[in-house]
Amino acid sequence: MSARLTAEFWVRAYLARLQAAHLPAYVTARGDPTAGAVLVKLATLDGRARLFQRSVDLMTGGRTWVVLADGAETEVDATVARQRRMDPDLWVIEIESREGRTLLDEEGLAD
């Protein structure tokens with residue numbers, strides 16, 4: 001059995017990395033501090049957004065970030081609202097980046 005980070009610890013570490021990269025980010029929904037899942041919304045400040053969720057790669061058993069929704073920001077927000085209704089323990093982080101940067105592809109963030 002491998003040790004797992006709590007959701008709250010991961011969120012705090014991710015926010016610190018975003019801050020160090022000068023990327024504005026906010027927790028818009030606090031989930032379960034221990035085991036809540038995390039969604040990351042990227043707002044590109046042009047009316048569009050992309051929503052990411054962490055997923056398990058069935059071939060390798062590793063974790064990866066996949067796009068859950070992509071399009072008009074209002075549609076992505078509706079997806080977030082639906083997900084929160086199904087899972088009230090869900091964390092939601094919103095990033096503002098015209099360049100589309102999330103840092104999710106950096107080492108350690110998919111784990």
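Over the ring of which residue does the charged end of Arg54 sit? In this predicted model, in which local features need pLDDT of at least 70, side-chain atom pairs count only at pLDDT 80 or more and totals for chains, interfaces and linings use all residues, the residue in question is Trp10, with the charged end of Arg54 placed 5.1 Å from the ring centre. A charge is taken to sit over a ring if NZ of Lys or CZ of Arg is within 6 Å of the ring centre and within 35 degrees of the ring normal. Residues are numbered from 1 along each chain as its sequence is written, and side-chain values use heavy atoms, with hydrogens and water left out.

Trp10 also takes part in an aromatic pair with Trp65, which is tilted, with 5.6 Å centre to centre and 35° between the planes. Rings of Phe, Tyr and Trp (its six-membered ring) pair if their centres lie within 6.5 Å, planes under 30 degrees apart counting as stacked, over 60 as edge-to-face and the rest as tilted. Because Trp10 lies in helix 1 and Trp65 in strand 4 (residues 63–72), the pair ties together parts that are 55 residues apart in sequence; helices (H or I, at least four residues) and strands (E, at least two) are DSSP runs, numbered from the N terminus. Both partners are buried, Trp10 at 4% relative accessibility and Trp65 with a relative accessible area of 11%, where buried means under 20% relative accessible area, exposed over 50% and partly exposed in between (1.4 Å probe, protein chains only). Together with Tyr14, Trp10 and Trp65 form one aromatic cluster.

Trp10 and Tyr14, with Val38, Val40 and Ile95, have the most contacts inside the largest nonpolar core, which has 17 residues; such a core is a set of buried Ala, Val, Leu, Ile, Met, Phe, Trp, Tyr and Cys residues joined through side-chain atoms within 4.5 Å. Two or more residues each come from helix 1 (7–20), strand 2 (38–43) and strand 5 (91–96), and the largest share, five residues, is that of helix 1. Another core, apart from this one, has nine residues, including Ala49, Val76, Leu90 and Val92.

Strand 5 has five of its six residues buried, and is therefore largely enclosed by the rest of the structure. Strand 1 (residues 25–29) pairs with strand 5 in the antiparallel sense over four bridges, with Glu94 as the bridge partner of Tyr26, whereas strand 2 runs parallel to strand 5 and is joined to it by six bridges, Leu42 having Ile95 as its partner. Pairing of two strands requires that DSSP finds at least two bridges between them.
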